[in-house]
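Have the viewer open and follow along.

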Amino acid sequence: MRKVALITGASSGIGLALCGRLLAEDDELHLCLACRNLGKAEAVREALLASHPSAEVSIVQMDVSSVLSVVQGAKQVKQKFQRLDYLYLNAGIMPNPQLNIKAFFFGIFSRNMIHMFTTADGLLTQNDKVTSDGFQEVFETNLFGHFILIRELEPLLCHTDNPSQLIWTSSRNAKKSNFSLEDIQHTKGQEPYSSSKYATDLLNVALNRNFNEKGLYSSVMCPGTVMTNLTYGILPPFVWTLLLPIIWLVRFFVNAFTLTPYNGAEALVWLFHQKPESLNPLTKYLSATTGFGTNYVKHQKMDIDEDTAEKFYQTLLELEKRVRITIAKSDRAI
Ligand SMILES: NC(=O)c1ccc[n+]([C@@H]2O[C@H](COP(=O)([O-])OP(=O)(O)OC[C@H]3O[C@@H](n4cnc5c(N)ncnc54)[C@H](OP(=O)(O)O)[C@@H]3O)[C@@H](O)[C@H]2O)c1
């Protein structure tokens, strides 16, 4: 039987590169593209089938910033498949990013230069907004919508005979000090992206704790700095064009500059081949590229407290309960 991999955010950037790379590894795979824009998804499907005619590629419409859309999309997935082998939780946003120019120039001449280039720590702030569900958009898109998706797809993912894998696209930008259990949506701060990625790392730990016995394993990775729509939102394209020659040089010292979506997908593909039971839940897997362009995967121990992870997971379950009551009420009203 063909293995099935569902990928959110497959319509561009790292998710799109991942689709091509997975089919290059196993062209018998069935890829299910979970995308909000059906036109884009259809174009991706056609391109993938043109290069991998023996593959199967299907599409499910899903906007991960809307719980109702996730529930409806998951319903279609359950109608199509008996089980999922891989669920790549990759869709993500960094809206209205602002670069802190002062911190950037200060960082260049400090001992923290490599750390700054690797993690963008302290360099980026974002302006978040509230979705129609009433959540912070970054929180709902990068984390909560995906959490609901996992909960909806549990019957397809939990099999003790042959484990399934959840693989999250997190970030080196995930920072403990940007996350608080008292403000999980980061309503009060200016770094919702970093908070949402730290929340992803926490959830990953809690999911392993609660689901490994049921045959479901979770891992987190970071693609490095990749030139995609997301990064082109940070600086105007012409500035990137000016910076790129310098960045290519800096890559001899900072292997986090993977730059292309193909390179950025390295750890996602590596995880595809791993026995999930052999992975350490407290490790983040990092795509890296040498100055000469060779890709490899680095392992990084995460700064995670398991009790905080469990408390966060329980908070998400509570939030889910409330959302489901609201959805049930609006269903009755229709
Ligand atoms: N680029 C980097 O340097 C970098 C570094 C670390 C982590 N990441 C992470 O990598 C992941 C992929 O990002 P990328 O760099 O490839 O950026 P991208 O090219 O902007 O791709 C983002 C993908 O997410 C989808 N998406 C966004 N909001 C969505 C929503 N509400 N519902 C469904 N899909 C949605 C987009 O769909 P549309 O095509 O419809 O917009 C697109 O397919 C993200 O989780 C990001 O945080 C990126």
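A polar contact here is a pair of N or O atoms within 3.5 Å. Keep in mind that this is a predicted model. With that cut-off in hand, look at G92: one of its backbone N or O atoms sits 3.4 Å from a ligand oxygen, so the pair falls within the 3.5 Å limit. D63 and V226 also reach the ligand, D63 through an N or O atom of its side chain and V226 through a polar backbone atom.

| Residue | Part of the residue | Ligand atom | Distance |
|---|---|---|---|
| D63 | side chain | nitrogen | 2.8 Å |
| G92 | backbone | oxygen | 3.4 Å |
| V226 | backbone | oxygen | 2.8 Å |

How much of the ligand does the protein bury? On its own the ligand would expose 890 Å², and the protein buries 93% of that.

Now zoom out to the whole chain. The protein has 12 helices and 10 strands. Its radius of gyration is 19 Å, close to the 20 Å that the globule rule gives for 334 residues, so the protein is as compact as a globular protein of that length. Along the principal axes, the C-alpha atoms fill a box of roughly 60 × 50 × 40 Å.

Buried residues account for 55% of the 334. If you take contacts between residues at least 6 apart in sequence, 74% of them join residues at least 24 apart. As for the surface, the protein exposes about 15,300 Å², with 54% of that coming from carbon and sulfur atoms.

Two backbone spots deserve a look before you close the viewer. A120 is not a glycine, yet its phi is positive, near 60°. You'll find A120 in the loop between α5 (113–119) and β6 (124–126). Its relative accessible area is 19%, so A120 counts as buried, given that buried means under 20%.

H186 isn't a glycine either, and its phi is positive too, at about 60°. H186 sits in the loop between β7 (164–169) and α7. Is H186 buried or exposed? With 9% relative accessibility, H186 is buried.

Note on methods: Residues are numbered from 1 along each chain as its sequence is written. This is a predicted model: local features need pLDDT of at least 70, side-chain atom pairs count only at pLDDT 80 or more; totals for chains, interfaces and linings use all residues. Side-chain values use heavy atoms; hydrogens and water are left out. A polar contact is a pair of N or O atoms within 3.5 Å; within protein, one must be able to donate a hydrogen and the other to accept it, and residues adjacent in sequence count only if both atoms are side-chain atoms. Accessible areas come from the Shrake-Rupley method with a 1.4 Å probe; for residues, only the protein chains shown count as cover. Helices (H or I, at least four residues) and strands (E, at least two) are DSSP runs, numbered from the N terminus. The radius of gyration is taken over C-alpha atoms; the globule rule is 2.2 Å times the number of residues to the power 0.38. Buried means under 20% relative accessible area, exposed over 50%, partly exposed in between (1.4 Å probe, protein chains only). Contact means heavy atoms within 4.5 Å.
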